[in-house]
Amino acid sequence: MGVIGTIVAFIVVLVILVLVHELGHFIAAKLAGITVEEFGIGFPPRLTSTTWRGTRYSINAVPLGGFVKMLGEDGEADAERMRSRGLSPAAVERAMAGAFNRKPIWVRILVLVAGVAMNFVLAVVLYGVAFTQPIPEHVGPMTVTAVQKGSPAASGALMAGDRIVGVDNKRFGTAASDLRLASELTSYVNARAGRVVVLRVDRNGHSLGISVTPRVLTDTDRQQGIGPIGFEWDSPVINGPALASNPVEAVGLSLDTTARIAVQIPGALAGTVAGLLGLAPNTGDARGPIGIAQVTGEVLQQPLVTQLAFVGLLSVNLAVLNVLPFPPLDGGRVAVVLLEAVRRRRLPAEREALIYLTGFLVLITLVILISIQDIARLPGS
């Protein structure tokens, strides 16, 4: 997929994820009787809009998600604007009856976390569908397409075009003890790092035995695409059985997968921040917008099951990151609401604005730092 196609694919995926998130806020606000002033696709400037039942629905020029604008999100600022336009106190109070800040604490919290809930629901649905899809499987033999310089494969004189038909005393075949999947050979090799293995190779009709010693890899090596032997390969692909045999099993697997991923994200995020601050050797598998766009382009060339799982993974990440108690994320806004409940009075508008601005600047800084690493990972960098 070319650069333009990758960018378009990334924008489409991003818009879907963010719109599902904002739809959660929108539905919860409407059910709670909160006045929703605008539901926007993209960000201003506004291209076109229509108003229905008191809410403006708009399409905007910057296609990077969407937003929900509720009356009273900025405290009493909306009421002050109404008064400045000459509305009577009674009219202002009637209008503000549907304001976000006039609703009970528990209602505001439900509205704020509804977007996170919708992203979790989307992830469960996507994973559920993925688990009912046939799983593409590479079967042997494996055809070498490229050999990395300085690798064990190069030292052992493995060449592009070689057909790997087995390893040691194991060969691809149909007997119960034979190798069938390419992954079985790679697993066998990975388990013997540091020990000599003999690759059984067909080269131009001749049978060869090539001895190689698989490398012992670190996490950093794997992140850089270094393999134990150091060659790229291809092989025939067949459709294997789906992971779930029925919808009930698919839902169970989907819930379990979503929960396991969600639990792992905070620790991974902490490791990323530690890496950026120099407190850890690296930032792990963290990706910013550039890195996610690159991976999106690669994944969309893969089978449907991989695409569904990838978008599900992004949805879980978006949900977990938004629920963290850090302004201006949804979790940070919930924390501010709870703080006001404890104090029994609203934070001064300028102090609340400063909190959100500080949090926003910190987030932007993190995104910039991770994006620098994304650029360093690009081919040719």
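Okay, before anything else: what you have on screen is a predicted model.

Let's start with helix packing. Two packed helices are described by the angle between their axes and the distance between the axes. Take H4, residues 105-130, and H8, residues 247-276. Their axes sit 8 Å apart, and the angle is about 130°. So H4 is oblique to H8, and the crossing is right-handed. On the H4 side you'll find Phe120, Ala123, Val124, Val125, Tyr127 and Gly128. Facing them in H8 are Ala250, Ser254, Leu255, Thr257, Thr258, Ile261 and Ala262. Sort that contact of H4 with H8 by class and you get 9 nonpolar residues, 4 polar ones and no charged ones.

Now the other pair I wanted to show, H9 (residues 289-299) and H12 (residues 349-377). These axes come within 7 Å and cross at roughly 45°, so H9 and H12 are oblique to each other. Pro289, Ile290 and Gly291 are the H9 part of the contact, and H12 brings Val367, Ser371, Asp374 and Ile375. The tally for H9 with H12 is 4 nonpolar, 2 polar and 1 charged.

On to the cores. In soluble globular proteins, nonpolar side chains tend to be buried together. The largest nonpolar core in this model has 19 residues. Which of them have the most contacts inside it? Those are Leu158, Ile164, Val167, Leu185, Leu199 and Phe231. Several elements each supply at least two residues: strands S4, S5, S7 and S8, plus helix H6. The largest share comes from H6, with 4 residues.

Leaving out neighbours within four places in sequence, phenylalanine 231 touches Met142, Val144, Ala146, Val147, Ala153, Leu158 and Ile164. There's also a second, separate core of 18 residues, and Phe39, Val111, Leu112 and Ala114 are among its members.

While we're on H6, threonine 186 is in that helix too. Threonine 186 counts as partly exposed, because its relative accessibility is 26%.

Is glutamate 340 buried or exposed? At 8% relative accessibility, glutamate 340 counts as buried. Beyond its neighbours within four places in sequence, the contacts of glutamate 340 are Arg108, Arg345, Arg346, Leu347 and Glu352.

Last bit, the backbone. Most residues other than glycine have a negative phi, and most peptide bonds are trans. With that in mind, look at the bond from proline 44 to proline 45: cis, with omega near 15°. Proline 45 is in strand S1, residues 36-52. Then there's another cis bond, between proline 327 and proline 328, with omega about 5°. Proline 328 is in the loop between H10 and H11.

For positive phi, have a look at alanine 157, at about 70°, in the loop between H5 and S5. Alanine 157 is partly exposed, at 42% relative accessibility. Asparagine 204 also has a positive phi, about 55°, and belongs to the loop between S7 and S8. Asparagine 204 is exposed, with a relative accessible area of 75%.

That's my tour, thanks.

Definitions and conventions: Residues numbered from 1 in each chain as written. Predicted model: local features only at pLDDT ≥ 70, side-chain atom pairs only at ≥ 80, totals over all residues. Heavy atoms only, no water. Axes fitted to C-alpha atoms, helices over the stretch in contact; angles between N-to-C directions. Parallel < 35°, antiparallel > 145°, perpendicular 65-115°, else oblique. Left-handed = near helix turned anticlockwise from the far one by under 90°. Contact = heavy atoms within 4.5 Å. Nonpolar A, V, L, I, M, F, W, Y, C, P; charged D, E, K, R; others polar. Buried < 20%, exposed > 50% of the residue type's maximum accessible area, 1.4 Å probe, protein only. Core = buried A, V, L, I, M, F, W, Y, C linked by side-chain atoms within 4.5 Å.
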